[in-house]
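Let's take a walk through this one, starting with its rings and ending in its core. Have the sequence and the 3D view open as you read.

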Amino acid sequence: MAFWSAGYSGDGGKDPKRAFKFKIEIAGVAGGQPLVWWAKKVTKPNFDVTEVKHSFSDKEYYFPGRVQWQTVSMTLVDPVSPIDAVAQTNAIITGAGYQLINDPNSTDLMKTMSKKKAIGALGSCRIIQLDSEGLPLETWTLNQPFIKNVKFGELSYESDDLVEIELEIRYDWAQCDVTTAGSLAVSGGNNLGVPAATTFFAPSGSTT
């Protein structure tokens with residue numbers, strides 16, 4: 001039943017997805033508490049499909065190429081207590097391998113950042129859209145994420161706003177779990193036969 005219908009009731013009656021009903025979970029933040037309650041907003045994963053052009057006579061034909069995932073942007077406020085968002089962010093970067101060495105004879109002098117350390121420092125990252133009962137409608141899991149860009153905001157004597165921190169997160173691909181997918185179809189009426197609780201972009205052989 002459509003959400004604008006007069007018969008909008010019962011177990012099948014659900015509101016459309018709302019932008020403010022979400023939560024972010026990052027395993028490597030907040031001392032083992034994954035819920036990033038100081039998050040203000042976040043972009044969902046996006047991707048582009050590259051194209052290859054073939055010219056023949058006076059015509060052009062296009063073929064799909066590769067899927068390229070775009071970075072996710074996240075805006076946080078800094079609550080100071082019990083979590084200092086600046087300290088947490090800096091700890092993640094340090095855990096990724098970035099460090100300054102004052103002693104030229106230090107054995108750590110040649111240590112650098114690596115993907116393994118960067119992924120381990122941030123941990124798992126999930127963006128979860130919720131319904132009115134707080135249950136997940138759509139869960140995006142960023143696979144092998146790490147922090148690419150950090151902006152610690154700006155200060156102004158003319159502003160009463162909360163200080164914001166902006167993070168840009170790079171990842172290899174995202175997995176999308178949708179609990180309300182139903183039976184999906186493509187244009188032309190060809191039913192894909194995909195059941196509810198569908199998982200997209202999972203690796204081949206995955207048990208999800």
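## Aromatic pairs

The structure holds seven aromatic pairs. To count, rings of Phe, Tyr and Trp (for Trp, the six-membered ring) need centres within 6.5 Å; planes under 30 degrees apart are called stacked, over 60 edge-to-face, and the rest tilted.

How accessible are F200 and F201? F200 has 28% relative accessibility, so it goes down as partly exposed, and F201, at 39%, is also partly exposed. The scale here is relative accessible area: under 20% is buried, over 50% is exposed, and partly exposed is in between (1.4 Å probe, protein chains only).

## A word on the model

This is a predicted model, with local features needing pLDDT of at least 70 and side-chain atom pairs pLDDT 80 or more, while totals for chains, interfaces and linings use all residues. Numbering starts from 1 along each chain as its sequence is written, and side-chain values use heavy atoms, leaving out hydrogens and water.

Now find E138 in strand β7 (residues 136-143); strands are DSSP runs of E, at least two residues, numbered from the N terminus. E138 is at 6% relative accessibility, so it counts as buried.

Which side chains does E138 reach with polar contacts? One is K17, at 2.6 Å, and another is K44, at 2.6 Å as well. A polar contact is a pair of N or O atoms within 3.5 Å, where within protein one must be able to donate a hydrogen and the other to accept it; residues adjacent in sequence count only if both atoms are side-chain atoms. Setting aside neighbours within four places in sequence, the contacts of E138 (heavy atoms within 4.5 Å) include I127, Q129, C176 and V178.

## Strand β5 and the core

The largest nonpolar core has 29 residues, and I24, I26, V36, W38, M74, L76 and L142 touch the most other members. Such a core is a set of buried Ala, Val, Leu, Ile, Met, Phe, Trp, Tyr and Cys residues joined through side-chain atoms within 4.5 Å. Strand β5 (residues 72-77) gives the largest share, four residues. Five of its six residues are buried, so β5 is largely enclosed by the rest of the structure.

β5 pairs antiparallel with β2 (residues 39-42) over three bridges, where pairing takes at least two DSSP bridges. Here K41 faces T75 of β5. Six bridges join β5 to β9 (residues 164-170), also antiparallel, with M74 opposite L167.
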